[in-house]
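Work through these exercises with the structure open beside you. Try each task before you read its solution.

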Amino acid sequence: MKSDTIAAFDAYVTASEARMETELRPGGNFLYVDSLPPNPRLAAYQQLRAGDVYIARLLTTVNGKTIPVPDGMIHHWVGLAFIPDTSMEQVLKVAKDYRLRTVIYKPDVMAAREISHYGNDYKIFLRLYQKKFTTVILNTEYDIRWGKVDQDRVYSNSYSTRIAEVRDPSNPNGPEYPVGEGRGYLWRLYTYWRFQAKDGGVYMQCEAISLTRDIPTGLGWLLRPLVTSIPKHALDHVLRQTRQAVVGPASQRQSS
């Protein structure tokens with residue numbers, strides 16, 4: 001991982017967060033679907049209330065131009081899901097219990113622990129598991145801050161502070177590659193969650209910006225479609241599993 005790759009990612013995040021700041025202000029489009037034209041917006045809400053997950057690929061530009069990322073790839077997606085017949089309190093109880101990550105997101109999260117917690121600030125550890133081209137295990141740490149616009153709109157920003165690949169996937173507790181080395185399947189992962197209570201339930205949105213190694217020259221036509229689809233599928237899984245974690249206890253109480 002090179003310094004100019006990191007600089008390009010930081011520039012991309014800065015430009016993206018400038019847009020996010022306007023969305024968190026009063027009158028802003030708190031949810032991505034609210035920024036869509038009337039007909040697509042209506043269709044998106046119908047899709048969400050029908051129980052489906054809505055996912056879109058995003059691209060941040062500066063003055064209409066894309067931000068080049070030497071030797072790296074930025075993956076930028078946003079996804080939404082609707083949880084009917086629930087409250088903000090129920091959703092946040094699940095969202096803020098970081099120890100549950102191994103239960104909610106298995107097998108993708110192998111280990112999880114809260115390193116520290118002060119007010120609205122959290123620091124957590126997650127051991128991630130991925131198996132696509134090959135098996136990859138990553139030890140990762142994140143700084144997370146929670147905030148709210150009002151009682152019905154809550155958000156959190158999560159920033160990876162350390163990502164290290166385990167050398168031998170058959171030994172998850174074994175030695176790591178130095179940070180920034182290894183195969184480059186994940187160098188940065190920033191996620192921005194939003195929760196809005198309305199329509200008799202809670203809408204949850206996750207916007208994810210990640211950085212990986214670029215695809216070797218000559219293999220783009222073969223690997224790029226698969227590589228770029230991995231973050232999309234991961235986001236879909238996270239939203240569906242989070243929703244299930246919220247509705248599961250409620251449905252179990254009703255049946256008992």
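Predicted model: local features only at pLDDT ≥ 70, side-chain atom pairs only at ≥ 80, totals over all residues.

**Exercise 1. Describe the protein as a whole: its helices and strands, its buried share and its contacts.**

Solution. 
Step 1. Count the elements. The protein has five helices and ten strands.
Step 2. Look at burial. Of the 256 residues, 43% are buried.
Step 3. Look at the contacts between residues at least 6 apart in sequence. Among these, 63% join residues at least 24 apart.

**Exercise 2. Find the largest nonpolar core and the residues with the most contacts inside it.**

Solution. 
Step 1. Start from a general rule. In soluble globular proteins, nonpolar side chains tend to be buried together.
Step 2. Size the core. The largest nonpolar core holds 35 residues. Trp146, Phe195 and Leu239 have the most contacts inside it.
Step 3. There is also a second, separate core of 14 residues. Its members include Leu36, Tyr45, Val78 and Tyr203.
Step 4. Return to Phe195. Residues up to four places away in sequence are not counted here. Among the residues that Phe195 touches are Phe30, Met88, Val91, Leu92, Ala95 and Trp146. Asp152, Arg153 and Tyr203 are also on the list for Phe195.

**Exercise 3. Locate the largest cavity and name the residues that line it.**

Solution. 
Step 1. Count the cavities. There is one cavity of 30 Å³ or more.
Step 2. Give the volume. About 70 Å³ of space lies in the largest cavity.
Step 3. Name the lining. It is made by Leu138, Ile163, Ala164, Glu165, Pro178, Val179, Gly180, Glu181, Gly184, Tyr185, Leu186 and Trp187.
Step 4. Sort the lining by class. Eight residues are nonpolar, two are polar and two are charged.

**Exercise 4. Is Glu165 buried or exposed, and which side chain does its own side chain meet in a polar contact?**

Solution. 
Step 1. Glu165 is in strand S8, and it is one of the residues lining the largest cavity.
Step 2. Apply the cut-off. Glu165 has 4% relative accessibility, so it counts as buried.
Step 3. Find the partner. The side chain of Glu165 makes a polar contact with the side chain of Arg183, at 2.6 Å.

**Exercise 5. Compare the backbone and exposure of Asp85 and Asp199.**

Solution. 
Step 1. Read phi. Asp85 has a positive phi of about 55° although it is not a glycine. Asp199 is not a glycine either, and has a positive phi of about 60°.
Step 2. Find the loops. Asp85 lies between strand S4 (72-84) and helix H3 (88-95). Asp199 lies between strand S9 (188-198) and strand S10 (201-213).
Step 3. Classify the exposure. Exposed means over 50%, and partly exposed lies between that and the buried limit of 20%. Asp85 is at 73% relative accessibility, so it counts as exposed. Asp199 has a relative accessible area of 45%, so it is partly exposed.

Key:
Residues numbered from 1 in each chain as written. Heavy atoms only, no water. 1 Å grid on protein atoms, 1.4 Å probe; cavity = no way out; pocket = protein on both sides within 12 Å on 5 of 7 lines; lining within 4 Å. Points joined across faces, edges and corners; volume = space filled by probe spheres on them. Nonpolar A, V, L, I, M, F, W, Y, C, P; charged D, E, K, R; others polar. Core = buried A, V, L, I, M, F, W, Y, C linked by side-chain atoms within 4.5 Å. Buried < 20%, exposed > 50% of the residue type's maximum accessible area, 1.4 Å probe, protein only. Contact = heavy atoms within 4.5 Å. Helix = DSSP H or I, 4+ residues; strand = E, 2+ residues; numbered from the N terminus. Polar contact = N/O pair within 3.5 Å; in protein donor to acceptor, adjacent residues only side chain to side chain.
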